[in-house]
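Please examine the model shown here alongside the explanation that follows. The text begins with one local set of contacts and then turns to the wider architecture.

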Amino acid sequence: MIENKVILSAPIQGWTDHVWRVAHAQVFGGIDAYYAPFMRVEHGAIRKRDLRDIQPENNPGIHVVPQVLACRASDMALMLQAVADMGYDEVDINLGCPHPPVARKGYGAGMLARHESLVQLTEVLKQWPSLKVSLKLRLGWDDASQWRNVLPMIASCPIERVVVHYRLGVQQYQGEAMLEHIEATLDAIPVPIVLNGDLDSQQSISKLLAQHPRAAGVMLGRALVADPALLCPERATPTHYREFHDRLYEQYRQELTGGDHQILNKMQTLWERMLPNADRRARKAIRKASSLVRYEQAVAQVFGQD
Ligand SMILES: Cc1cc2nc3c(=O)[nH]c(=O)nc-3n(C[C@H](O)[C@H](O)[C@H](O)COP(=O)(O)O)c2cc1C
């Protein structure tokens, strides 16, 4: 569809885990790399489910880029070591998480406003010359010029790619992406830049890339979760959506050991974003389902089968 441009799947914590990524690649495809939702350190150790999510055996046949979220150098080093130990040769640094309790402590987008933390991060990255590093950032935490604070890091570390979500951290997901800043980032950042934020159709992707031919590509998040066939309209059929759903459902049934309630919960969460234009009554029945049997009946309604 879009020649010579990279198409990345965005990390969406709670949605684009390994189960989603593998099913997406098998049924729809069209993605050059899937960015995994961030991993982080809690109480001195990396969360187990974060490690499980990126383990290569849980991501067969797909190109995954693990992402780390940290503000302390020691946590960052711990995660970079884990990523390298799993055999990865690339990693993404989260400089975009806008969640206020996290960002106020200097994580994610919060780090963009903290020179000292960025200097520390730069020092850690220099110790990992074997890892190809990308940065995923917002324009800033509370000021749309704060992305410039990463320029010294880019000048002194071998950063391979920068993905920019053109919003401020304080905006969360409100308002429109500030695409008027794209050219300034392309002028100032001397590595390939991938554009992210609110791209929701092939037309909007093509239009944005035509307007900014220097961009290396795009990253797609919520719209790809909503319509996994976004990049391949020929597969936007009930059969393909059903196959995608069934792969997710089967895999979660195998992996989630907390009983039917946990599986139901997981699937209902997925449907909060997936196929928003599906039959309203069927979606409501999915939301209200209190057992897997009822859930399966509601899903059959969505896909026009019984
Ligand atoms: C529920 C949710 C979870 C997200 N989790 C992550 C994450 O783990 N790491 C990250 O870098 N960005 C995360 N993001 C941001 C997305 O990757 C993306 O940058 C943002 O949604 C804008 O792109 P979009 O408009 O295509 O969705 C998350 C966004 C949402 C809505």
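**A guided reading of the model**

Leaving aside its neighbours within four places in sequence, Leu-256 is in contact with Gln-262, Ile-263 and Lys-266, two residues being in contact if their C-beta atoms, placed from the backbone, lie within 7 Å. The model is a predicted one, in which local features need pLDDT of at least 70 and side-chain atom pairs count only at pLDDT 80 or more, while totals for chains, interfaces and linings use all residues. Residues are numbered from 1 along each chain as its sequence is written.

Leu-256 sits in the loop between helix 10 (238–255) and helix 11; helices (H or I, at least four residues) and strands (E, at least two) are DSSP runs, numbered from the N terminus. Its C-alpha atom is separated by 9.0 Å from that of Lys-266, ten residues apart along the chain. Leu-256 is partly exposed because 17 other C-beta atoms lie within 10 Å. On this scale a residue is buried if 20 or more other C-beta atoms lie within 10 Å of its own, exposed if 12 or fewer, and partly exposed in between, with C-beta atoms placed from the backbone.

The loop between helix 11 (260–273) and helix 12 (280–288) holds Leu-275. The phi of Leu-275 is near 45°, a positive value in a residue other than glycine. Leu-275 counts as buried because it has 21 C-beta neighbours inside 10 Å.

The domain assignment divides the protein into domain 1 (6–234) and domain 2 (237–302); such bounds come from an automatic or database domain assignment. The C-alpha centres of domain 1 and domain 2 lie 28 Å apart. Their contact takes 13 residues from domain 1 and 13 residues from domain 2. On the side of domain 1 that touches domain 2, the elements giving two or more residues are helix 1 (18–27) and helix 9. Helix 1 gives the most to that side, with five residues. By class, this side of domain 1 has ten nonpolar, two polar and one charged residues. Here Ala, Val, Leu, Ile, Met, Phe, Trp, Tyr, Cys and Pro count as nonpolar, Asp, Glu, Lys and Arg as charged, and the others, Gly among them, as polar.

The buried residues include Trp-20, Arg-21 and His-24. They pack against strand 1 (6–9), strand 2, helix 2 (48–54), strand 5 (64–68) and helix 10. Just after helix 1, Gly-29 takes a positive phi of about 75°.

Strand 8 (residues 159–168) is mostly covered, nine of its ten residues being buried. Strand 7 (residues 132–140) pairs with strand 8 in the parallel sense over seven bridges, where pairing requires that DSSP finds at least two bridges between the strands. In this pairing, Leu-137 has Val-164 of strand 8 as its bridge partner. Strand 8 also pairs with strand 9 (residues 193–196) in the parallel sense, over four bridges. There Val-164 stands opposite Leu-195 in strand 9. The chain crosses from strand 8 through helix 7 (residues 182–188) to strand 9, and this β-α-β crossover is right-handed: with the strands pointing away from the viewer, the path from the first strand over the helix to the second runs clockwise. Strand 7, helix 6 (residues 151–156) and strand 8 likewise make a right-handed β-α-β unit.

Beyond its neighbours within four places in sequence, its contacts include Val-6, Leu-8, Arg-161, Val-163 and Met-219. By contrast, Val-194 and Ala-73 are 26 Å apart in space, C-alpha to C-alpha, and 121 residues apart in sequence.

The loop between strand 9 and helix 8 (202–211) contains Asp-198. Asp-198 has a positive phi of about 70° although it is not a glycine. With 17 C-beta neighbours inside 10 Å, Asp-198 counts as partly exposed.

Of the 21 residues around the ligand, Ala-10, Gln-13, Pro-37, Gly-221 and Arg-222 come nearest; a residue is near a molecule if its C-beta atom, placed from the backbone, lies within 6 Å of it. Strand 2 (33–39) and helix 9 (222–226) are the elements that give two or more residues to this shell. By class, the shell has nine nonpolar, nine polar and three charged residues.
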